[in-house]
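Open the model in your viewer and keep the selection panel at hand. The stops below go from a whole chain to its parts and then to a neighbouring chain.

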Amino acid sequence: MDQIFLQVLNGLDKGSAYALIALGLTLIFGTLGVVNFAHGALFMIGAFCAVTLQKILTLSKITIDPTKTDFLGNPAKIKTPYVEGWFGPDMGAMIIDWSVPMAVLFSIPVMILVGFIMERGLIKHFYHRPHADQILVTFGLAIVLQEVVKQFYGANPIPTPAPAAFKGSFDFGVMLGIDANKVIYPYWRMVYFLFSAVVISAVFAFLRFTTFGMVVRAGMADRETVGLLGINIDKRFTIMFGIAAAVAGMAGVMYAPINSPNYHMGMDFLVLSFVVVVVGGMGSLPGAVLAGFLLGILESFSSMNEVKSLIPGIDQIIIYLVAIIILLARPRGLMGKRGVMED
Amino acid sequence: MTKSNLTRRGLIKTGAAASAGLAMPTLFTGNVWAAAHSGYRNAPTNGTVTLGFNVPQSGPYADEGADELRAYELAVEHLNGGGDGGMMNTFSSSALTGAGILGNKVQFVTGDTQTKSDAARASAKSMIEKDGAVMITGGSSSGVAIAVQGMCQEAGVIFMAGLTHSNDTTGKDKKANGFRHFFNAYMSAAALAPVLKKLYGTDRTAYHLTADYSWGWTQEESIAAATEAMGWKTAEKVRTPLATTDFSSYIAPVLNSGADVLVLNHYGGNMVNSLTNAVQFGLRDKQVNGKNFEIVVPLYSRLMAKGAGANVKGIFGSTNWHWSLTDAGSKAFVKSFGTKYGFPPSQAAHTVYCQTLLYADACQRAGTHNPCAVAEALEGFKFDGLGNGPTEYRAEDHQCFKDVLVVKGKENPENEFDLLEIVEVTPRAQVEYAPDHPMFAGGELGKCNPGA
Amino acid sequence: MGILEVKGINKRFGGLQALGDVNLSVVENTVHALIGPNGAGKSTLLNVLVGKLAPDSGSVLFDGKSVLGRKPHEINQMGISRVFQTPEIFGDLSVIENMMIPCFARRDGSYRMHAFETVGSEKGIIEDAETMLSDVNMLEKRDMHAASLSRGDKRRLEMAMCLVQQPRLLLLDEPTAGMARADTNNTIELLKHIRDSRDITMVIIEHDMNVVFSLAERITVLAQGTPLVEDTPDNIKGHPKVQEAYLGETAVD
Amino acid sequence: MLGLNKKDTMFLLIVIALTMATPFLMQPFSEGSALAQFNGGYPDLMAKVAIFGIFAIGFNILFGLTGYLSFGHAAFLGVGSYSAVWMFKILSLNVFPAIILAVIMAGLFSLVIGYISLRRSGIYFSILTLAMAEMSFRLAYSVFTPLTNGETGLQVRPSDVQLLDGPNAPEYPNIFGLLISDSYKWEVAGHVFTFNVGFYFCAVIAIIAFYISLRIFRSPFGMMLRAVKSNQNRMSYTGLNPRPYTLAAFVISGMYAGLAGGLLAVMDPLAGAERMQWTASGEVVIMTILGGAGTLLGPVLGAGAIKYLENIFSKINETVLHDWFAFLPDSIEDVVVFILSRFTGHGWALTLGLMFMLVVTFLPGGLVEGGKRFFGMFKRKPKEPDDAEHHPETPPHVAE
């Protein structure tokens, strides 16, 4: 029982990352009609926003300390972050400690800018090209983006820890009256889950309650009609691309403490997030979120020893297996609309 | 020459006809390049000898590959008499003089393994077939090492393995043309076990998380055997898919299992992520069975430790070599590497530097690059001064036997490279095994292949 | 008994009764028009006839055999061809290739893997295709890209593709929709020519009453998914019920 | 000749001539010259170009003709390789049983996957194929290790006893005793040309594969496949069942992939699981698009371009660059080398990504279209109607 509870927790957490990425993908697909294979790269760039901010905050003044030696036996160079110089050691250390949450704010303008450049510079030339071309050019873009990041940051993962306040894990066992240690869950992962819930709700609220959102939703349903009303839907769609990029970016920033970012994490998530979108139904926002959580939970359950001993290797393939079954049983995914992407 | 003539027979004919006026025709069969003259493949010509450095330049191990490449360039510099000579000065064999190998200037070509066995073989082939490399070295994973080793055996060149830790490289997949300086999973286990016993006692229950491919399995097998031999129990052995990035669902059940030690048989990105996740779950702050919960990472690498950041603090593992060693060889190597590049070398850099020197030395002593003679010179070769203390290339399986370092993540690093501290140097005798040990059985060296 | 017998067809979409108890009998070698206001269920009925939609109940017999539950290509192989509202042709292929494909379908059935013949060696097929093209005055356009044809030519091509199969029943879904007057008249002439020159039954859905009354021999009026009345064009013109339900105030001129 | 009209026969003859002359064409620079680095005329690369050419030609029959974008074709390549190596292990080191089994197994495997995946179209089809291939890769890497030898790759061991081979049979893949790895080197005027048995074996098979693909393109079947891409709806209402056509195309292209996989094993008897990964499937997509989807020669050009980039560009390390630009003043040399090294050596993937993006954006028809435009600039006469590939009556210009 407690195991099941634990794996549901895990699944929700995995699912939140999938859902956030899939949400952005679906926004782009629903509004612009573009299949964006570079979306995983946006997630990766988001994570590297956290890395970059951390690097900026730890930019250091170098002083020579003759009393110590470095690995070559030369006098040691001591690095003191400028931040510590400006705000005092304690305050400075705290600022550095909180670099990941701060990077969320930092990432929003960066990601919106990246999104605009991508849309205006590349994607807009592909609105009227076949989906295959869109897939291919964004796939090329994904390769380029990850290689560029690799040139700057190397191939190794870069640790970007969460603030010390979120260290350790919460013991649900104690709370629920089960034995201690039976059901523990890291604080930061709970933060991640809550964060994604907030972002998902914000996106839905934005689309539901603002005029802008209503126009966009109308545009998603029927682009031509909205165009006939004299509303410049293209401009709004460009902004939507920026928002989708920001959602992916924030998902990446907050994910950085969970797994140290590396340049190919985008590709790792790309296939998964596409499977999520397709399972949810191309173009359906609730479908993307639902499928994200569903696949996250299924993935967690399949990694349980009990399940693995029944079907060896099931955790290797569960996501794909589920995707195949769902696509065969429900051709348009869980909540997909008819006629989308069937050309 | 007409197109219709382009059959095999036609080629021989036209080749012969054309040669009369133009150049000496060379007819080769059976894998041979310059063999017609020298009796082995890719014999040095024009006073230069070409070595092939086959390292991952793209993919997750690209940084280790880059570090290996730095060490190779340094080794080539030293072999050609440049720089400060590095470990050539401390090496117990004095055959090398800084005048290249056998008087031939050392050149090198590089290739990208992409950490895929296919790509690695292709790039090794290209170095052998196109660039005339007489020796191939490098790699940062066992799958690649075994694949390339097999290819070098077929092609008839020497393979000096880089970072490869699987028992199989010198076990069931060993080859006469292949040599490994790096240690292996069995040695890790044998070195770690006594330390773990001393630290954590004999009444422990281990939970294994293992990368689901052959290297992971051999390490899991080795560690489980070694720890069980000293009284530990094994609660569970769980295989994790290679592509896993989030290990939470594998780590969450650990505390429930009654285990009080978590063994992470992961390497590279897997290790960084699984360790980070395990620490996030706060496992190390927990008490199980009245004992502190512990995590062990049998194979450590400083570059990976860097990726895991502060999470490595206080966690035990083993490593082939570490820059903080204070013997003369290590110091010389760190000095020349650090001076050239500005940071200390990794264990991957160290092992490939040693391999290059060892190869050059063997050629020098054998008086030829012929793989069979070189192999003979390496087999049973005892040496010292390369940073690991007295070392021997065992003739039976081409595995180096030397002391193994047990390290732990340093609690208070003094600088960004100071991530691991050496806890114990386990002497060679403790990690040695018989060539026909069951974990290594099933393979044969076969005969050396000079490619002729 | 007609060549096409539709009995008691019902089809609901959610709460909407798209077709309610439709009965229809089409006599062989006649032109039968289906008319009715928008949303009367004409296109739905057509989709049921070609196997695109499955009705909730009822039966459709073509030449005594049921067409329900068969796939579109099987229904076509029974001898039913369909012309769409917007011409459905192979835009990426040349005009002659467009014509050859139905010729192959007629000769070889729904699937045959002739991968090792060359198209050029299929003399009989090419001959049939060219004959049909010249029948519809398009022979000089044989090597054009079908997508680059004018709309009228696309319609012509589509009809030619259907006719070359020598179907026993031709279904036409608003063949003149969106056409200029001249094109419409050409199409009427073409259809008349077809009607008069071969043994073929046609079911035609049309809004343009000019087209309907120039061609049809029987007319069924549908309203709200149910046949209102079926009669000859002359009788339909003056039928009060039809005037009320469909033609409204403006009677046919 | 061979059931082809005059122009196609000419086209085929030119392809044959070019293929046979590959050892010269890919080795334009003399040994020891600075540009020798760009020589690609060594057996492994030449054979890889031929093999991946076969793979891409097959993929093009599916993608180029029917428009179905499969992201899982690497799985069939992998199946082909594994089958071939198993044949080497248990039956004979002669290449023919290996290749035949590779094609059959890949055909069966693609029949199953195609039957399931072709129930959907568009991106749903792509995701289904991707999912199945990725499952195959992951299982091959882990659970199926007894069958595939997992991470290390399946290889022939000395302990394997080939049932059909006698005691004196060669220990390496061979064509009835003629070793695949045999090479004839011809040194002439500073050039070294290598004629390798394996390459010519692959080349002959590649020519046969190309010929078959040419016949399919020109056949009624090929026309039907293009009809599928153009308008499936019309196809069904014309009495044709699109499913068997697409399935046949899928299986044919799967068999091509299996053949390529078998040949990979012939050239190098090791089958690694990575060659089944979705990125490997992506690679054949890139090859086909880069060269020109739907054209006959495009896929081969694309395969050549990518394999060349991967093997030659990745070897241009900073030391090589420094050698080249040594004539420059040091400071400029460093800058030039720094910039260029971003795109060569370890940066070759960046070049690949950029090149791919540029081609998709500006040359949707791929290199073939680029070539046409290039030659079009020098032509005085107006061009023939666009893309002759689609008109059997007007066969393509031979320059394609």
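Select chain B, which has 14 helices and 17 strands. The model is a predicted one. Colour by burial next; buried residues make up 66% of the 452 residues in chain B. Of the contacts in chain B that join residues at least 6 apart in sequence, 70% link residues at least 24 apart.

Select 48-183 together with 323-398 for domain 1, and 186-319 for domain 2. The C-alpha centres of domain 1 and domain 2 of chain B are 30 Å apart. Where the two touch, domain 1 of chain B gives 13 residues and domain 2 of chain B gives 14 residues. On the domain 1 side, the largest share is 3 residues, from helix H3 (residues 62-79) of chain B. That side of domain 1 of chain B comprises 3 nonpolar, 6 polar and 4 charged residues.

Stay in chain B and select helix H12 (residues 347-366) and helix H13 (residues 371-378). How do their axes cross? The axes of H12(B) and H13(B) come within 8 Å and cross at roughly 105°. Angles of 65 to 115 degrees count as roughly perpendicular, and H12(B) and H13(B) are therefore roughly perpendicular to each other.

Show side chains for the residues that meet here:

- From H12(B): Leu358(B), Tyr359(B), Ala362(B), Cys363(B), Arg365(B) and Ala366(B).
- From H13(B): Ala373(B), Val374(B), Glu376(B), Ala377(B) and Leu378(B).

By class, the contact of H12(B) with H13(B) has 9 nonpolar residues, no polar ones and 2 charged ones.

For the last stop, bring chain D into view beside chain B. The contact takes 51 residues from chain B and 42 residues from chain D. Which elements of chain B each supply at least two residues of the side that touches chain D? They are helix H1 (8-21), strand E2 (105-112), helix H4 (117-129), helix H5 (142-155) and helix H7 (214-229). Coloured by class, the side of chain B that touches chain D shows 21 nonpolar, 16 polar and 14 charged residues.

How values were computed. Residues numbered from 1 in each chain as written. Chains lettered and ligands numbered in written order. Predicted model: local features only at pLDDT ≥ 70, side-chain atom pairs only at ≥ 80, totals over all residues. Contact = placed C-beta atoms within 7 Å. Helix = DSSP H or I, 4+ residues; strand = E, 2+ residues; numbered from the N terminus. Nonpolar A, V, L, I, M, F, W, Y, C, P; charged D, E, K, R; others polar. Axes fitted to C-alpha atoms, helices over the stretch in contact; angles between N-to-C directions. Parallel < 35°, antiparallel > 145°, perpendicular 65-115°, else oblique. Buried ≥ 20, exposed ≤ 12 C-beta atoms within 10 Å, placed from the backbone. Domains from an automatic or database assignment.
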